[in-house]
Amino acid sequence: MTGYNAKGDMATSNGNHRNGHCNGSSSNGNGTGDRQADDLAQENQTYPYEVIQEIADFIVKGAGMRPKIGIICGSGLGSLADIITDAKIFEYEKIPNFPVSTVEGHAGKLVVGHLEGAIVMAMQGRFHFYEGYPLAKCSMPVRVMKLCGVEYLFATNAAGGINPKYAVGDIMLMHDHVNMLGFAGNSPLQGPNDPRFGPRFPALVNSYNKDLINKALEIGKSMGIESNMHVGVYSCLGGPTYETIAELKALRMMGVDAVGMSTVHEVITARHCDMKVFAFSLITNKCSTEYSDMKDEEATHEEVMSVAKNRQKACCELVARLVREIQAES
Ligand SMILES: O=P(O)(O)O[C@H]1O[C@H](CO)[C@@H](O)[C@H]1O
Ligand SMILES: Nc1nc2[nH]cnc2c(=O)[nH]1
């Protein structure tokens, strides 16, 4: 396995100082290989195709199966992976060259197994920009999924509801996004393009698969939750701060319905390598755009986690039934 680290050391949540390498050793025994990889990483912030391939091979070989659907569990939504059966579980720390999860509600485990007749791989824990990871590193696992054989990405997140019609606990199916980090000149695709993943200038107009959105709406209807389901626009900000009222007003004027700190870079990476994307936000808190509404209410991660826990059953059912439909069609 090539020693590789997309960006320097970082502190984990348990306070340990940890090097991003799988074992801290160099690929050639004298440290030169690591240093070269690090230099490259500092320049490009991308993982070479071969490194992604090695990680994918490690997972497919270890799991003894090749997944078709990839699931990224949002904050507090790790239970989406608990419904997978015959699971092979990989802790991120034990996957060579994989980042570590540092956020509460993101367990840091990759679960590969069966769901509704399909083979799926689920990330219990995603990587966020505010953790100190460059975007290419945040969304690197999506490329790993691709090289594992994944054709469909299901990305889920916890988000603040800006659309005044949205209530806490509602589910917003994403049909578009506003890439605020992109506005600021930041992209997971920055750096040299490897055409084995996709084109230099990918189009994003059809990023969110309409067929999957329609299927999810039908499923929502049959679950009796159609009045708690919306189709809307998500925006990712860098975080880790929640938004000011002025920022929320600006986002609303731009047509944003829900706001979070993830998902967009994962979707960009997935579309770049031609995966079909389905994504939804669980609305965990309301975001007011009026100063008069402020009262004492402030978003907290505890509230986000608690709402996610309360709504995990509905989210699990939606995901499972959509997987079943995809599997039935193939
Ligand atoms: O997007 P996910 O990972 O669901 O988490 C959301 O919840 C956290 C804030 O409470 C942030 O990480 C935000 O992005
Ligand atoms: N940026 C942001 N992320 C969130 N994740 C969950 N709720 C929120 C929110 O209100 N804002």
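**View 1. Strand E7 and helix H9 in the shell around ligand 1.** In this predicted model, strand E7 (152-161) and helix H9 (301-310) each give at least two residues to the shell around ligand 1. Helices (H or I, at least four residues) and strands (E, at least two) are DSSP runs, numbered from the N terminus. There are 13 residues around ligand 1, and Ser75, Tyr130, Tyr242, Ser262 and His301 come nearest; a residue is near a molecule if one of its heavy atoms lies within 4 Å of it. Sorted by class, this shell holds five nonpolar, seven polar and one charged residues. Here Ala, Val, Leu, Ile, Met, Phe, Trp, Tyr, Cys and Pro count as nonpolar, Asp, Glu, Lys and Arg as charged, and the others, Gly among them, as polar.

**View 2. Histidine contacts of ligand 1.** Take a look at the polar contacts (pairs of N or O atoms within 3.5 Å). The side chains of His128 and His301 each place an N or O atom 2.7 Å from an oxygen atom of ligand 1. For His106, a polar side-chain atom is 3.3 Å from an oxygen atom of ligand 1. Of the 340 Å² of accessible area that ligand 1 has on its own, the protein covers 96% (Shrake-Rupley method, 1.4 Å probe).

**View 3. The shell around ligand 2.** E7, strand E10 (258-260) and strand E11 (276-286) each supply at least two residues here, and E7 has the largest share, with three residues. Among the residues around ligand 2 are Ala158, Ala159, Gly160, Met261, Thr284 and Val304. By class, seven residues of this shell are nonpolar, four are polar and one is charged.

**View 4. Polar contacts of ligand 2.** A polar side-chain atom of Glu243 lies 2.5 Å from a nitrogen atom of ligand 2.

**Notes.** Residues are numbered from 1 along each chain as its sequence is written, with chains lettered from A and ligands numbered from 1 in the order in which they are written. Local features need pLDDT of at least 70, side-chain atom pairs count only at pLDDT 80 or more, and totals for chains, interfaces and linings use all residues, while side-chain values use heavy atoms, leaving out hydrogens and water.

How values were computed. A polar contact is a pair of N or O atoms within 3.5 Å; within protein, one must be able to donate a hydrogen and the other to accept it, and residues adjacent in sequence count only if both atoms are side-chain atoms.
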